[in-house]
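Take a first look at the protein shown here.

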Amino acid sequence: MVWSAAVLIMSAGVGSGGESWEQFRGPKGDGVVRGSHPPVEWSEDENVTWKIAIHDRGWSSPVVADGQIWLTTATEDGTKLYGICIDAESGRVHYDNLLFQIADPQFAHKFNSYASPTPVIEGDFVYLTFGSPGTACINRSTFETIWTREDLECDHFRGAGSSPVIFRDLLIMHYDGADLQYVIALDKKTGETVWQTNRSVDFMDLDVDGKPKADGDFRKAYSTPYLFSEPGSGSWVMASLGSKAAYGYDPATGRELWRYADRSAHSGTGTPMVAEGQIFYVTGFSRGTLYSLPVGARGVLESGDVLWESKRNVPNKPSPVYFNGHIYMIDDGGIASCLRASDGEEMWRERVGGNYSASPLVIDGQ
């Protein structure tokens, strides 16, 4: 059995009545921690409250609410998919349950896992997804499984990565695969489909004869969407990154509001950001671009609609983070940089070292 260690450094308030961390990239989905003052140094024996091992293998981020920590894990071969709940104060495991058993799992790249999407918590319920193999709604008090879906088709090709978000009564998820590319909204109470919108642009890979192939990275994406309210109109928009294109949708209906296509990169992974009247996003592999688009745009956008762009040390996998007029990011090879959000001018750039896939956070001004 493969075991992956989980180290939890408990900061004041988190998980014990303070601010919760209910979804990927935090309460607002932007990677900024508010109202918490954790230590800035730690080691195996410094500033660690407790440590436990999590069985098997998963890349999902922990989510925290009301003293509970939820995450997912899976056997390395993808045949067994688990949900886990841990007590935030003590590290005691409250729930460790086999949610789905998969007879013939899809392929997952060794860099990925079969439990990469991060759960999302709202109220009494937690929603855990593994992509097309299965999605489940669990009651956090009784640990009863409320509903499951195992019928959503998608060839993830290299494994699932997109995490779900909640908008009002909807659980919204991306399914950007080698065969199908769509966004779907489920009724969070029943799991039934409310709307499904296919991506309006399909980028097919080509074989050696120039004919389209049914699979390939040019159709894949791993990004988690970002929900925001447009200033002035108050209309809600979901910024959504597919492969080779970014989209804006009405989250209530799935109607496409705008899109901007870029064929220079593929397999979008980072989560979009919105600030200062701009939508920021990175395009993915293999040499991506950081784009700024205007909030409030509609229709098919062209290059002239781009406010600014940057190609220097843009990450393939980590999401950038916006804070106090600046965008901070670290590329996969360990170079951190800061850009001025208003125009993309580089403020500083520094080699940190190592390789990075996790997305940076802003905590207590650090």
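The sections that follow start with the model itself and then turn to cavities and strands.

## The model and its confidence

This is a predicted model, in which local features need pLDDT of at least 70, side-chain atom pairs count only at pLDDT 80 or more, and totals for chains, interfaces and linings use all residues. Residues are numbered from 1 along each chain as its sequence is written, and side-chain values use heavy atoms, without hydrogens and water.

The chain averages a pLDDT (the predictor's confidence in each residue, from 0 to 100) of 91. At least 70 is reached by 92% of the residues. Over residues 11-17 the pLDDT is below 50. That stretch still has 13 contacts (heavy atoms within 4.5 Å) in the model beyond near neighbours in sequence. Where pLDDT is low, predicted coordinates should not be read in detail.

## Cavities

There are 4 cavities of 30 Å³ or more. A cavity is a set of points on a 1 Å grid over the protein atoms alone where a 1.4 Å probe fits but cannot get out; lining residues have an atom within 4 Å of a point. Volume is the space filled by probe spheres set on the points, which are joined across faces, edges and corners. The largest cavity holds about 120 Å³. Its lining has 15 residues, and Tyr114, Phe130, Pro133, His156 and Ala160 lie nearest the centre. By class, 9 are nonpolar, 6 polar and none charged. Here Ala, Val, Leu, Ile, Met, Phe, Trp, Tyr, Cys and Pro count as nonpolar, Asp, Glu, Lys and Arg as charged, and the others, Gly among them, as polar.

The second largest cavity has a volume of about 90 Å³. Of its 16 lining residues, His156, Ala160, Gly161, Ser162 and His174 are closest to the centre. This lining has 6 nonpolar, 8 polar and 2 charged residues. Strand β13 (residues 170-176) gives the most to it, with 4 residues.

## The sheet with β13

Strands are DSSP runs of E, at least two residues, numbered from the N terminus. Two strands pair if DSSP finds at least two bridges between them. β13 belongs to an open, antiparallel sheet of 4 strands, in the order β12-β13-β14-β15. β12 (165-167) and β15 (193-198) are the edges; each has a single partner strand, so one side of each lacks a neighbour in the sheet.

β12 and β13 pair over 3 bridges. Phe167 has Leu170 in β13 as its bridge partner.

## A further sheet

Another open sheet of 4 strands, also with antiparallel pairing, runs β20-β21-β22-β24. β20 pairs with β21 (residues 278-282) over 3 bridges. Val274 stands opposite Ile279 in β21.

Notes: On a 1 Å grid over the protein atoms alone, a cavity is a set of points where a 1.4 Å probe fits but cannot get out, and a pocket is an open set with protein on both sides within 12 Å along at least five of seven lines; lining residues have an atom within 4 Å of a point.
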